[in-house]
Amino acid sequence: MNDVIVGSALTKRFGQTVALGGVDIAVRGGEAVAIMGPSGSGKSTLLHCLAGIMKPDDGEVHLLGQRIDAMGERKRSALRRTRFGFVFQFGQLLPELPAEENVALPLMLGGVSRQQAVRQAREWFGPLGLQGMETRRPGELSGGQAQRVAIARALVTKPAVVFADEPTGALDQSTGHDTMRLLVEATKHNGACLIVVTHDPNVAAACDRTVEVRDGRLLAHGVAR
């Protein structure tokens with residue numbers, strides 16, 4: 001399949017520290033890629049540049065052939081709401097909202113009516129094993145259930161790319177394994193590509209390919225499984 005997101009010669013500095021030193025990466029549609037590396041290696045900076053959260057100092061990021069790093073903040077913010085999905089280590093669900101509204105939130109922020117957004121959100125509860133959890137608040141969910149709600153939220157807009165930053169880091173090994181499997185399967189089923197930042201080789205093993213970042217550079221591009 002064609003490349004969905006491409007980073008070319010990405011460079012990012014923080015003062016005298018080179019976080020990214022000319023990184024090239026491309027991810028195809030339906031592909032799951034793990035980005036591994038020790039703390040401070042540049043892997044999260046790479047994810048943030050690809051996701052339009054920060055601008056690289058040099059280089060370019062293209063989504064489906066369109067350059068996005070040169071966009072203004074408003075356009076990049078809209079892109080993050082509509083074309084990108086995000087799963088974080090601790091889910092970052094809003095505690096005052098029930099699960100179905102947490103999932104529906106990106107749709108409502110995009111102008112979809114609450115009724116329609118919740119209807120679309122509920123469609124994800126069955127496939128992710130969350131039946132009956134629709135009206136529970138995050139404090140009433142287990143860690144694994146809350147992370148599956150976060151996965152549903154990431155996928156509800158049918159994004160082109162899902163970014164996951166240590167998505168199982170707060171879970172026990174068994175729950176983390178199940179959650180990662182669901183994340184990969186649901187993302188592929190949705191036709192999106194998945195980019196996962198992790199230090200856990202078990203998480204990386206669930207992906208199609210692994211790239212390693214050290215001192216702001218890619219050491220290897222991995223082999224597709």
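**Helix α5 and its neighbours**

Visitor: In this predicted model, at what angle do helix α5 (residues 143–155) and helix α6 (residues 173–189) pack, and how far apart are their axes?

Guide: The angle between the two helices is about 15°, and their axes lie 10 Å apart. Angles under 35 degrees count as roughly parallel, and α5 and α6 are therefore roughly parallel to each other. Their crossing is right-handed.

Visitor: Which residues of α5 and α6 meet?

Guide: From α5 come G144, Q147, R148, I151 and L155; from α6 come T175, T179, L182, L183, A186 and T187. By class, the residues of this contact of α5 with α6 are five nonpolar, five polar and one charged.

Visitor: How does α3 pack against α5?

Guide: The angle between α3 and α5 is about 30°, with 7 Å between their axes. That makes α3 roughly parallel to α5, and the crossing of this pair is right-handed. A99, N102, V103 and P106 of α3 meet V149, A152 and R153 of α5. The contact of α3 with α5 holds five nonpolar, one polar and one charged residues.

Visitor: Is α5 mostly covered or mostly exposed?

Guide: A residue is called buried when its relative accessible area is under 20%. In α5, 12 of the 13 residues are buried, so the helix is mostly covered. The buried residues include R148 and R153. As a group, the buried residues of α5 pack against β6 (84–87), α3 (99–109), β7 (161–165) and α6.

Visitor: What span does α5 reach from its first C-alpha to its last?

Guide: Its 13 residues reach 19 Å, close to the 18 Å expected at 1.5 Å a residue.

Terms used: Residues are numbered from 1 along each chain as its sequence is written. This is a predicted model: local features need pLDDT of at least 70, side-chain atom pairs count only at pLDDT 80 or more; totals for chains, interfaces and linings use all residues. Side-chain values use heavy atoms; hydrogens and water are left out. Axes are lines fitted to C-alpha atoms, for helices over the stretch in contact, and angles run from 0 to 180 degrees between N-to-C directions. Helices (H or I, at least four residues) and strands (E, at least two) are DSSP runs, numbered from the N terminus. Angles under 35 degrees count as roughly parallel, over 145 as roughly antiparallel, 65 to 115 as roughly perpendicular and the rest as oblique. A crossing is left-handed if the near helix is turned anticlockwise from the far one by less than a right angle, and right-handed if clockwise. Contact means heavy atoms within 4.5 Å. Ala, Val, Leu, Ile, Met, Phe, Trp, Tyr, Cys and Pro count as nonpolar, Asp, Glu, Lys and Arg as charged, and the others, Gly among them, as polar. The expected span of a helix is 1.5 Å times one less than its number of residues. Buried means under 20% relative accessible area, exposed over 50%, partly exposed in between (1.4 Å probe, protein chains only).
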